[in-house]
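Hi,

Here is the structure I promised to pass on. Have a look at it first, and then read my notes below.

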Amino acid sequence: MDLEGLALKWALKNAVDHDGKAMLGPVISKILGEKPELRSRIKEVRDAAEEAVERVNRMSLEEQRRLLEDLAPELLEAKKVEEKKLPPLPGAEKGKVVTRLPPEPSGYMHIGHAMSGLLNYLYARMYDGRIWLRFEDTDPRKVKPEYYESFRRGYRWLGIEWDYEKNNSDDMELFYRYAEELIRAGKAYVCTCPVEEVRRLRAAGEPCEHRGQGIDENLYLWHEMLSGAFGEGEATLRLAGDMRSKNMTMRDPALFRIIDHPHPLTGTRYRVWPLYDFAVSIEDHLCSVTHVLRTSEFAPRDELQNYIRSLLGMRNPIYIEYSRFEFKGTPVSKRRLRAVLEAGIASGWDDPRFPTIEGIRRRGILPEAIREFTITQTGFSYAKREYDWSLLFAINRRILDPRARRLFFAPNPVRLLVEGAPSLRVNVPYHPSNEKLGSRRIETGQEFYIAGSDAEGMKPGSIYRLKYLLNFEVVGREADGAIRGRFLGREPMKDIPIIQWIPVRDAVEVKVMIPDVLYLDDEINPESLKIVEGFGEGAVEGVKVDEIAQFERFGFCRRDSESELLFIKAHD
Ligand SMILES: [Zn+2]
């Protein structure tokens, strides 16, 4: 892109973001941001930007949007629209908001992570704030390298840009220092009770004998823990909380425990690992997090985390909660998804029936749809609710509709012979209104394939139209089920059914996977995946892998394979 194009692009972007009015300053800085080497030609840059701003400001907002979509569709995000739909964030100040994406890299990223991540990101952006990507990776037995990458990839796919990245496991020495501070303040003690004993006493609200230990004793035992004198499960560092608290998490929870398992990032260097609440409390402080947006099942932990921070003189963030993101028939729990895998019903974590980001992407759901769904569907309430896939599909369909190519596909095909039909060459548009998508030329004779469901009801005497092509009257049916028809001209006729068709000589074999929900009434749905076979027109071969096309009167389908015409149906 040359300087003029660059200037036009950023002027359009600035205008679209500001109600149709572009400003010179930000446009210049955007140009220089993208191409720093232009700094030496600042006069030219300024002239080009001025001209572009003037030109763009004469256009209507609609024109600006359209042109930007041609020029740089990736920039055309509905920032303002998105922000208007979000309720204001309590206690938020422009420029001072800090949020975080806190994934535990112990499994693949799923729709719940996506929605929660989006809220944290959109709010940070709405208030010109900052956002961290912070991996909560202090359970070495659970975390795996591939999962870190799954989250990075997933967030990027959703259009989430983070400002900083770190791992909790980077801060082990710091965690140890804060632990020692708590011990010295008499607020933490080393407990060597067996696990069952701890469980029993916590349930009963009684302290164990170790709670009364002196500070020196605790310091000594803590260093013993660090130096390897205890085996796994033999000692924990516990918070001196409130054994009588109604909130169970406050009853002297463990802050550190010993885990003899190498960590994917730090190897065997550490074996005393902080538990979730301790690590999060410290990290939210270190990252200066101001707002925590998360699902309500974490709510009982707020009190504990705030208490830990108060003992260490740290400030608490503002918590905003919403109900957990669950979709009907599609659990996000690893245990229940693994059950589906083990039953041989799904082949991997990227199965298009899975709520994992990889699964959803394969199914043909667009990141824009998830963004819009998140903004419009998540209310800040504790009430448990189950989302319905159909709502997400409706948004996805609306976004896809103007940009997906229309193609002919005949599932469970039946042959159709139209006697008297002339040989034709027709141009068929890929979209009824979006001319940019172009058209394809199809040559026809007298033999076609049509969908089995269309052939089913055909009775002699009834009249049909092959879309864009010709009309015919049904004459009869062959012994093998093929339909025999008679050519009735090409001019469209009123009130006759219009069906899709594929010339026999142009037909290619197409397979479509149709996913359904994984669970029905808590039982694994054994028929959650159907495969439909049929013929597509030759142009189906031109659909690229990952492209989502609409098979007319069948549904939106994403091509899943390079080597064969295998598609996955997203929805009708
Ligand atoms: Zn004890």
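**What I found**

Asp 388 counts as partly exposed, because its relative accessibility is 32%. Bear in mind for everything that follows that this is a predicted model. Asp 388 sits in the loop that links β11 (386-387) to α16. If you set aside the residues within four places of it in sequence, Asp 388 is in contact with Phe 327 and Lys 328.

**The chain as a whole**

The chain has 572 residues, and 52% of them count as buried. I get 17 helices and 29 strands in the chain. The C-alpha trace spans about 100 × 70 × 40 Å along its principal axes. Taking the contacts with a separation of 6 or more, 71% are between residues 24 or more positions apart.

The largest nonpolar core has 50 residues, and Met 115, Tyr 155, Ile 160 and Ile 370 are the ones with the most contacts inside it. Two or more residues of this core come from each of α6 (111-126), β2 (130-135), α7 (145-157), β9 (318-322), α14 (357-363), α15 (367-377) and α16 (389-400). The largest share is from α6, which gives 10 residues.

**α15 against α16**

How do α15 and α16 lie relative to each other? Their axes come within 9 Å and cross at roughly 130°, so the two helices are oblique to each other. The crossing of α15 past α16 is right-handed. On the α15 side, the contact uses Glu 368, Ala 369, Ile 370, Glu 372, Phe 373, Thr 376 and Gln 377, and on the α16 side Leu 391, Leu 392, Ile 395, Asn 396, Arg 398 and Ile 399. Sorted by class, that contact has seven nonpolar, three polar and three charged residues.

α15 itself is mostly covered, with eight of its 11 residues buried. The buried ones are Pro 367, Ala 369, Ile 370, Arg 371, Phe 373, Thr 374, Ile 375 and Gln 377.

**α11 against α12**

The other helix pair I looked at is α11 (residues 276-286) with α12 (residues 299-311), which pack at an angle of about 60° with their axes 9 Å apart. That angle makes α11 oblique to α12. Here too there is a right-handed crossing as α11 passes α12. From α11 the contact takes in Tyr 276, Asp 277, Phe 278, Val 280, Ser 281, Asp 284 and His 285, and from α12 it takes in Arg 301, Leu 304, Gln 305, Ile 308 and Arg 309. The class breakdown for this contact is five nonpolar, three polar and four charged residues.

Not counting residues up to four places away in sequence, Ile 308 touches Leu 239, Leu 255, Asp 277, Phe 278 and Ser 281. Ile 308 and Asp 277 are 31 residues apart in sequence, and their C-alpha atoms are 8.6 Å apart in space.

**Phe 567**

Last stop: is Phe 567 buried or exposed? Phe 567, in strand β29 (residues 566-571), is buried, because its relative accessible area is 0% and the cut-off for buried is under 20%. Leaving out residues up to four places away in sequence, Phe 567 touches Val 510, Lys 511, Val 512, Met 513, Val 540, Val 543, Phe 551, Cys 557, Arg 558, Arg 559 and Asp 560. Phe 567 and Val 545 are 22 residues apart in sequence and 9.0 Å apart from C-alpha to C-alpha.

Cheers

Conventions:
Residues numbered from 1 in each chain as written. Predicted model: local features only at pLDDT ≥ 70, side-chain atom pairs only at ≥ 80, totals over all residues. Heavy atoms only, no water. Axes fitted to C-alpha atoms, helices over the stretch in contact; angles between N-to-C directions. Helix = DSSP H or I, 4+ residues; strand = E, 2+ residues; numbered from the N terminus. Parallel < 35°, antiparallel > 145°, perpendicular 65-115°, else oblique. Left-handed = near helix turned anticlockwise from the far one by under 90°. Contact = heavy atoms within 4.5 Å. Nonpolar A, V, L, I, M, F, W, Y, C, P; charged D, E, K, R; others polar. Core = buried A, V, L, I, M, F, W, Y, C linked by side-chain atoms within 4.5 Å. Buried < 20%, exposed > 50% of the residue type's maximum accessible area, 1.4 Å probe, protein only.
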